[in-house]
Structure formats: structure tokens, C-alpha cells
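Subject: The two-chain model, as promised

Hi,

Here is the structure I said I would pass on. Have a look at it first, then read my notes below.

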Amino acid sequence: MSQGNDNQTVGRFVLKVLIWLPLAFLVWYMLAGPLLWPMRPLLDFGFGSLSQFVDHVRLVHGQFIFETTLEVKAPDGRTGLAVVEVNALKYTYNLPLLVALLYAASDKYFTFTRLAAIYLLLLPFQLWGVSFDFLSQLVFHAGPDVARQVGIEGMGRELVALGYQFGYLMLPPISAAAIWFLLNRDFVLELLGMPSDGEER
Amino acid sequence: MRTPPSMRRFFLWFLLIQGVLFTIEMQRVVQTNVIEPFTASLAWISSTLMKLFDDSVQAQGVIIRSLDGPFAVRIAAGCNGVEATIILFAAIIAFPTSWKHKIIGFLLGFLAIHIANLVRIITLFYIGQWNEEVFEWAHLYIWQALILLDVIIVWLLWVRKIPTPATVTAET
């Protein structure tokens, strides 16, 4: 392949991503409710099984509302139960990003089955982000009384901070790029001007 | 056509290196001595560029404010381009080629990411004064995606310009 054709291949790919990206974002935002819905029972079950302090998880307009059994005291002395909101879209924008990258690479992803598989592949990374956002709010922003009731101290606090930062700053782009790379090894090699290594599935 | 290196090996190295670099970045001593001064310098460069056409802009540490109104933006983690730089550096380090080519990739990649990031900061500053909802969208989703795309493009172009491992072996 000549250098000129190679450059055209990369240029065409970038152009296709830029065309698909706004469309993918629009569809993702409009379908946010149904797309986020499967995460709710998973979060409910996960935190319900692993912790004593999550009573219920609700999904309202792209936000997960964690209703806890943790007591909080207001400055005027009244007490209540802590409720934490997490903006799930912050952790799920990797879906439209990945879809745009995949559609720009190949039209074989234009099937419902493959889209469902892509969605499932991203789900663990998205759950990581939402879970650590919830935990970090409890441990670092809800006050010392709530943090004490949660029982995460010392090194545990450091791990929650690292898990939150990793889930927010790194996992969404890394997961999209990594899955795109793994699903399109032949195409990536073509973009790199190299022959297929025969590893693509 | 060139001979591909083992992509599986590259990929595993990439995951490991970006994890290590990110953990180092998150250390308090690195944040205080490297990331925060670097972020403040980004705010200063952005405001200096904006002052070329808008004299109502002022930078104070990591905050850029408008003197015409109450609007201000704080450049936080995720907006300083450091994580994108880590992803690119990890992809460059993990790819088998000479250190000379890796260093050239670091320098050019760093420039490409941070030029795009300055555009991000400047556009977000004006979008925020225009419409808060659009600002949230551009800030949290659109620019994040575009910066990753920038990383992918830079890495693809870098790999295409460097000799492959077979060529490197032949040169040495």
C-alpha cells in the first residue's frame, strides 16, 4: 500500500468517526433511560449483597439515586438517611464513542446482536465508574459521621479515591479504545500499514 | 507492507503501563509538584491566548474567569490533558521500536494533545458563558471523546512513521 493511500485510509477513518459521533451521542442521550436501566438491578443487587447500608437504587433522568440506611445529622440537629446521586452519563459516554469508532471501521457492526454485545462488553467498566462515584461521595463528601458508618478507613479510603479517579478519568476512554482495538485488529493493522496478524475474531 | 509486532503483547503492556502511570499521577507528591503547576500553566497559556482577542479574561492559578461577569472555569483533573497524555505515552512505550522514536513520539504527541486541549479549554470557557447545558455536554462527553480520538490519530500516525521491529533490528 502506498503512503498516499495509507494517509487516505486514516483520513477516511477519522472523517467517518466525526460523522458517526454526533449521531451516536444523540441516540445514546435519547435512549439513556433504557440503556441505563439494566445497571439499576445490578447495582441494587451488588450493593445489597456486599454492603449493609444500601437500601434501594433508583434511576431518575440519567441519575442513579442511592437510598442508604446511613444516618446524617443536619446542623439544626435533625437526623435523616443519606441519599446519594450519581450522574451515570459521565461513565457511559464510552458507548456512543465506541459505536462511532466501530461504525467508522466496519459496517459489520450494524446489527442488533453486535450492538448488544458491545453494550455488554462496556457494562462492567460503567458499573465500576458508578460504584466508585457512589462510594467516594460517601467516604469523602458526606461528612465524617457517614464515612465512619460506612467503615472504609486507612488504605481503603486511598483505594476508593484511586478507584473513583480511574473510573472517571481513565476507564471510559480506555475501555472504548481497547474494545475497538481488540474487535478490529485487522483494520487497525491496515491503518498502521501492516498485514493482518490473523488474530482477529 | 510491514511486519506487525505481536498485538497481544503490545496490548497487555499498554494496559499495565497506563495503570502504573496513572497510579503515579495520583500520588499527592506528584499532584502537588507536577500536575498542579502544570495545570496552572495551562490556565495561564489559555488566558494569554484569549487575551489576544478578549481582554476581559483573567487567570488565577487553575481558574480562568471573565471580568465581564460572574463566570469562571476551574481546570480540574480530566481537563488538563494529563490522562490523555498517559494513554498516548503508554501506547508509545508499549509499541516495540527504538527509544529514539519513542521520545520523538512523546514530544510530538504531547504537543498534539495539548494544542487540542488548549482549544478545548478556550471553547469551553466561551460555551459556558453562552449556555450551561451545552457546556456540560461539551465538557463531560463531547470533548472527552474528541481528545481520545486525537490520541488515537496521533498514535496511528506515529506508528506509520516509525520503522517496525524488523527494520529496527536490521538498522542496529
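This is a predicted model: local features need pLDDT of at least 70, side-chain atom pairs count only at pLDDT 80 or more; totals for chains, interfaces and linings use all residues.

How many salt bridges turn up over all chains? A search of the whole structure gives five. Here are two others from chain A:

- Arg148(A) and Asp145(A) meet at 2.7 Å, N to O, in a salt bridge between their side chains. Both belong to helix α7 (residues 144-150) of chain A, three residues apart, which is about one turn of the helix. Arg148(A) counts as exposed, at 55% relative accessibility, whereas Asp145(A) is partly exposed, at 37%.
- Asp44(A) and Arg40(A) make a salt bridge at 3.3 Å, N to O. You will find both in helix α3 (residues 39-50) of chain A, four residues apart, again about one turn of the helix.

Now over to chain B. It has six helices and three strands, and from the N terminus on they run α-α-β-β-β-α-α-α-α. Along the principal axes, the C-alpha atoms of chain B fill a box of roughly 60 × 35 × 25 Å. Chain B has 172 residues, and 49% of them count as buried. Take the contacts in chain B with a separation of 6 or more: 66% of them join residues 24 or more positions apart.

The three strands of chain B form an open, antiparallel sheet in the order β1-β2-β3. Its edge strands are β1 (57-60) and β3 (72-74) of chain B, each pairing on one side only. From one strand to the next, the twist averages 15°. Strand β2 (residues 63-66) of chain B pairs with β3(B) over three bridges, in the antiparallel sense, and Ile63(B) stands opposite Arg74(B) in β3(B). Helix α2 (residues 28-51) of chain B packs on this sheet, touching β1 and β2 of chain B, and its direction makes about 165° with that of β1(B).

One residue in chain B deserves a look: Asp150(B), in helix α5 (residues 132-161) of chain B. Asp150(B) is buried yet has no salt bridge, and the nearest side chain of opposite charge, Arg120(B), is 9.3 Å away. What does Asp150(B) touch, not counting residues up to four places away in sequence? Its contacts are Ala112(B), Ile113(B) and Ala116(B).

Finally, the interface. In chain A, 42 residues are in contact with 40 residues of chain B. The area buried between the two chains is about 3800 Å², and carbon and sulfur atoms give 78% of it. As for salt bridges across the interface of chain A and chain B, the rule finds zero.

Cheers

Conventions:
Residues are numbered from 1 along each chain as its sequence is written. Chains are lettered from A and ligands numbered from 1 in the order in which they are written. Side-chain values use heavy atoms; hydrogens and water are left out. Helices (H or I, at least four residues) and strands (E, at least two) are DSSP runs, numbered from the N terminus. Buried means under 20% relative accessible area, exposed over 50%, partly exposed in between (1.4 Å probe, protein chains only). Lys and Arg count as positive and Asp and Glu as negative; His and the chain ends are not counted. A salt bridge is a side-chain nitrogen of Lys or Arg within 4 Å of a carboxyl oxygen of Asp or Glu. Contact means heavy atoms within 4.5 Å. Two strands pair if DSSP finds at least two bridges between them. Axes are lines fitted to C-alpha atoms, for helices over the stretch in contact, and angles run from 0 to 180 degrees between N-to-C directions. Buried area is the accessible area (1.4 Å probe) that two parts lose on being put together, summed over both.
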